[in-house]
Amino acid sequence: MIVRKTAAELEKMRRSGLLVSQILARLREMAREGVTTLDLEVVAEKMMREAGARSAFKGYYSAAAGIKYPFVLCTSVNEEIVHGMPSAKRVLKAGDIVSIDTGVELDGYFGD
């Protein structure tokens, strides 16, 4: 069955996706030599809170790991596997390739 969204529902979906886009754009600007992946985490969480959104990642329970995920971001640097955890010990260096993933729930709709 195909469920058609109303204009209001589509707007909520657009807003949640737009917030993720704005967060990733800000983190892209920040991802420079000397910044830690935890610095990126702090900014992303603040942006979510200020927008009235909650993280789609933080608190997500993984049965395989047996824990709730403690961060709003997944950050990986260079050859690290995807879905790495932010860390104050992970300081970015010139030339690093940083992978950042995040998701939000805003007004009942998820953006990722």
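Trainee: Which residue has a side chain with a polar atom that lies 2.9 Å from the backbone nitrogen of Lys 58?

Mentor: The residue is Ser 55, whose side chain has a polar atom 2.9 Å from the backbone nitrogen of Lys 58. The model is predicted, so local features need pLDDT of at least 70 and side-chain atom pairs count only at pLDDT 80 or more, while totals for chains, interfaces and linings use all residues. Residues are numbered from 1 along each chain as its sequence is written, and side-chain values use heavy atoms, with hydrogens and water left out.

Let us remain with Ser 55. A polar atom of its side chain also lies 2.9 Å from the backbone nitrogen of Phe 57. Such a polar contact is a pair of N or O atoms within 3.5 Å; within protein, one must be able to donate a hydrogen and the other to accept it, and residues adjacent in sequence count only if both atoms are side-chain atoms. Ser 55 belongs to strand 1; helices (H or I, at least four residues) and strands (E, at least two) are DSSP runs, numbered from the N terminus. Ser 55 counts as buried because its relative accessibility is 8%; buried means under 20% relative accessible area, exposed over 50%, and partly exposed in between, with a 1.4 Å probe and protein chains only. Apart from neighbours within four places in sequence, Ser 55 is in contact (heavy atoms within 4.5 Å) with Met 48, Phe 71, Val 72 and Gly 103.

The structure holds one aromatic pair. Tyr 69 and Phe 71 form this pair, with 5.9 Å from centre to centre and 70 degrees between the planes, an edge-to-face arrangement. Rings of Phe, Tyr and Trp (its six-membered ring) pair if their centres lie within 6.5 Å; planes under 30 degrees apart count as stacked, over 60 as edge-to-face and the rest as tilted.

Val 72, another contact of Ser 55, takes us to Thr 102 in strand 5. The side chain of Thr 102 reaches the backbone oxygen of Val 72 at 2.7 Å. Thr 102 counts as buried, since its relative accessibility is 1%. Among the residues that Thr 102 touches, not counting those up to four places away in sequence, are Met 48, Phe 57, Val 72 and Leu 73.

Leu 73 in turn belongs to strand 4, where Leu 73, Thr 75 and Val 77 point one way and Cys 74 and Ser 76 the other way. Five of the five residues of strand 4 (residues 73-77) are buried, so this strand is largely enclosed by the rest of the structure. Strand 4 pairs with strand 5 (residues 98-102) in the antiparallel sense over five bridges; two strands pair if DSSP finds at least two bridges between them. Ser 76, for instance, has Ser 99 of strand 5 as its bridge partner.

The loops show another side of the model. Gly 52 sits between helix 2 (37-51) and strand 1 (54-55), and Gly 52 is exposed, with a relative accessible area of 59%. The C-alpha atom of Gly 52 is 7.0 Å from that of Leu 106, although the two residues are 54 apart along the chain. Asp 107 lies in the loop between strand 6 (104-106) and strand 7 (109-111) and is partly exposed, at 41%. Most residues other than glycine have a negative phi. Asp 107, however, has a positive phi near 55 degrees. His 83, in the loop between strand 4 and strand 5, likewise has a positive phi, near 70 degrees.

Finally, consider the protein chain as a whole. Its secondary structure comes to two helices and seven strands, in the order α-α-β-β-β-β-β-β-β along the sequence. Of its 112 residues, 32% count as buried. Among contacts with a separation of 6 or more, 58% join residues 24 or more positions apart.
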